[in-house]
Amino acid sequence: MGLDLAALSKQVRELSGAAVQSAAGAAERAALALGRYLEAAGEERHWAQAVDLSRETASWLLARPVERLDTTRDLPACPPAYAVVATDGSQIDLDRHGSVACYLINIGHVFIRYGQRPTARLGSRPALYYREEDLYVSDGARRVPIEGNYLSARRDVEEGLALAELAATSLDGTLPALALQDGTLVRWTLAGAERFVQERFLGQYLSYLERMRALGVPTASYISRPRSPEVIGTIRLMFCPDVDVAAGRGARCSECSDARAGREPSCALCQGLVDADVVGSRLAEGQRGPLFVSMSTINIERYGPHCIHFFHLRVGREVCRVEIPWWVASAPEQVDLVHSLVYDQCLRGGGYPVALARAHEQAVIRAADRRAFERMLAGSLARAEAGGSVSAKRESKEFSRL
Amino acid sequence: MTTQRIGEIIESSTTRFTAGAYELLAAPSFGALVRAVTRSEGLAVYGLVYEIRTGSREPGGRAVVRGRTYSGRELYDEEIYTENPDLAEVLQTEFSALTVGFAERDAIHQYLPPQPPPVHYSVYACDAAELVRFTAHNDFFRAVLFATPIPGDELLAAAIRAAAQARPDRREYLVRAGRDLATLLKDDYDRLAALLRRIRP
C-alpha cells in the first residue's frame with residue numbers, strides 16, 4: 001500500500017489556506033522592515049559595528065554591510081566575448097544495507113566560450129570511493145564515517161577541485177572569464193563538525209579557492225530563490241532596543257529586555273522574512289543590491305582572504321543571491337564582471353545560469369543509471385567471489401512476501 | 001578510399017544502421033550512399049541514407065524556442081547556435097541508412113553482408129567515383145523498393161538521381177535505370193509512372 005491520497009488531499013487544502021494567510025502578513029511586515037532598513041542607509045559603519053558586537057550573542061544570522069544599504073547598481077555592459085566554467089556534482093550515498101561499503105560522486109563539468117570563436121565542452125567524471133581513507137575521516141583515535149552531511153562536504157570539495165582543474169586547463173587568460181558554482185560557498189554544514197573533520201574538508205575547500213585566486217579567475221556561486229535571513233538579522237538589530245554601539249553593546253538575545261518586560265521582542269516582525277523579500281523589492285531588472293559579508297562563524301573565523309561576500313541580483317521574477325570571495329569583492333571591476341556575466345548566463349539559460357544547468361545535466365544520476373550501477377557492482381562482486389550480501393531489511397524492501 | 005569520416009554507428013542491424021554525425025546538422029543528404037567499415041579488413045558495408053533527424057541527446061529531452069531572448073533581442077537561425085555554443089553538445093544529428101550491399105576487397109556485392117557494421121565503427125561519405133562504382137549494377141533497386149517501413153520509392157529515386165549526377169553519361173544511366181525499374185514494377189503501372197517522373201532527366 002502506498003500513499004493514501006484521499007486522506008492527504010484534506011491536509012493539502014488546509015495547507016493552501018494557511019499559506020495564503022501567512023503570505024499576506026509577511027508582505028506587510030516586509031514593507032515595515034524595508035522602511036527601517038532604508039532609514040539606516042548612510043549609517044553602514046554604525047551597523048557594521050553593531051553586527052560585529054552582536055555576532056556571538058545574537059541568536060540569528062547576520063550580514064555586515066560593505067556598501068551603502070540603498071545601493072542599486074545597474075547592470076554593467078556585458079563583454080562581447082567571454083568564457084565560463086562550472087561544475088556540479090551528484091552522489092550515490094553509502095548504502096548501509098548494501099553488499100559493500102562504497103559511495104559514488106559524479107562531477108559534471110562545463111566550459112563554454114562566447115563571442116568570435118564560440119565553443120563548448122561538456123562532460124562528467126565519476127569516481128568510486130571505497131578505501132578506508134575514503135570511507136572514514138580519522139585523527140588516529142577517532143573515526144567518523146563519511147556519509148550524509150560529510151559526504152555532501154566531500155562532494156563540495158570535489159566540485160571545487162574539479163572547477164580549479166577545469167579553470168587551469170581551459171582558460172587561457174585571453175578573455176574575461178567566470179567560474180561558477182551552484183549553491184553557497186560558505187561550508188556552514190561543517191560548522192558543527194569535529195575539529196579534525198572540519199580541518200580535512202575545509203582545508204581542501206579553501207585550497208580550491210586559493211587556487212582560483214592564484215589563477216585570477218573570478219569565482220562566484222549562484223543561489224536561486226535564496227532563503228537566507230542574514231540581512232534580515234541585521235535589520236533585527238535596527239529594531240533591537242538593547243543595541244548601543246557607543247557603549248560597545250550588541251544584541252544579547254539571552255538577555256532580551258523586551259522579553260524580560262514580558263513584551264514581544266521588537267524584532268519579532270522580522271520573523272520568517274528572508275533577505276530577498278527586502279533587498280530584492282528595490283531591484284529593477286538586472287540591478288544588483290549592496291555587498292554584504294556573510295557573518296556565519298565558519299566564514300568569519302576560517303575563510304581569511306576568501307571571506308564570502310554576497311549581493312542580490314534581479315533576474316526576471318526571481319531575486320537570486322550571488323556569493324563571491326573577498327578577493328573578488330574587493331575589486332570593483334571584478335564585481336561588475338561577475339554581475340554582468342552571471343546575468344548574461346541567466347538570460348541565456350531562461351532565468352538560471354546556462355553553465356550551471358548544463359553542469360547539473362551532466363552530473364545528475366538518474367534512477368536508471370543508479371540501478372545499472374547497482375547491478376554492475378553486484379555482478380562484479382559476484383564474479384570476484386567477494387561474498388557479501390544485502391541486508392535482510394533491504395531484501396525485504398525489494399521483494400514483498402506474498 | 002580517402003573520403004571524410006562523417007559519423008559513428010550508434011545502432012546496427014542486418015538490414016540498416018544508424019549513425020551519429022560528428023558535426024551537428026551535418027548529415028549526408030537523403031538518398032546519399034555511405035560506407036561503414038567493419039571488423040573484417042577490406043569489408044565495408046554500403047547504405048542509402050533514408051532518414052535524418054536532430055534532437056536531444058537526453059532521452060525524452062526536447063528543444064525549446066530561443067529566437068526571442070528575454071531582453072527582447074531577436075535571433076535568427078545560425079545566430080542561435082553562435083549565441084548558445086552549448087547546443088552543439090546537447091543536440092545530436094543522426095542518420096539512418098538502408099543496407100544495400102557491401103564491398104569485399106575489390107568486389108562489390110549488392111546483397112546483404114554476413115555481419116552488420118559494429119556499433120561505434122566509422123561511417124564515411126562516398127565520393128562520386130565510389131558512387132559510380134557501386135551503382136554500376138542495379139541489383140540493389142529491388143531491396144530498396146520492397147523495404148518497409150521506409151519511403152522506398154522516394155529513396156530509390158533520390159539515389160538514382162545522385163548516381164546519374166555523378167556520371168558523364170547521365171542520360172544513358174537514367175534510361176538503363178528506368179528500364180530496370182519497369183521490369184521490377186511491371187505489375188504496378190501507377191507506382192512505376194510516379195517513380196519515373198521523379199528521375200526524369
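Start by selecting residues 152-165 and 170-184 of chain B: these are helix 5 and helix 6, packed at an angle of about 150 degrees with their axes 8 Å apart. Helices here are DSSP runs of H or I with at least four residues, strands are E runs of at least two, and both are numbered from the N terminus. Axes are lines fitted to C-alpha atoms, for helices over the stretch in contact, and angles run from 0 to 180 degrees between N-to-C directions. Helix 5 and helix 6 of chain B are therefore roughly antiparallel (an angle over 145 degrees).

This is a predicted model, where local features need pLDDT of at least 70, side-chain atom pairs count only at pLDDT 80 or more, and totals for chains, interfaces and linings use all residues. Residues are numbered from 1 along each chain as its sequence is written, while chains are lettered from A and ligands numbered from 1 in the order in which they are written.

From helix 5 of chain B, pick Ile160(B), Ala163(B) and Ala164(B); from helix 6 of chain B, pick Arg170(B), Tyr173(B), Leu174(B) and Ala177(B). Contact means C-beta atoms, placed from the backbone, within 7 Å.

Now zoom out to all of chain B. You'll find seven helices and seven strands, and reading along the sequence gives β-β-β-β-α-α-β-β-β-α-α-α-α-α. The C-alpha atoms fill a box of roughly 60 × 40 × 30 Å along the principal axes. Of the contacts in chain B with a separation of 6 or more, 68% join residues 24 or more positions apart.

Technical notes. Parallel < 35°, antiparallel > 145°, perpendicular 65-115°, else oblique. Contact = placed C-beta atoms within 7 Å.
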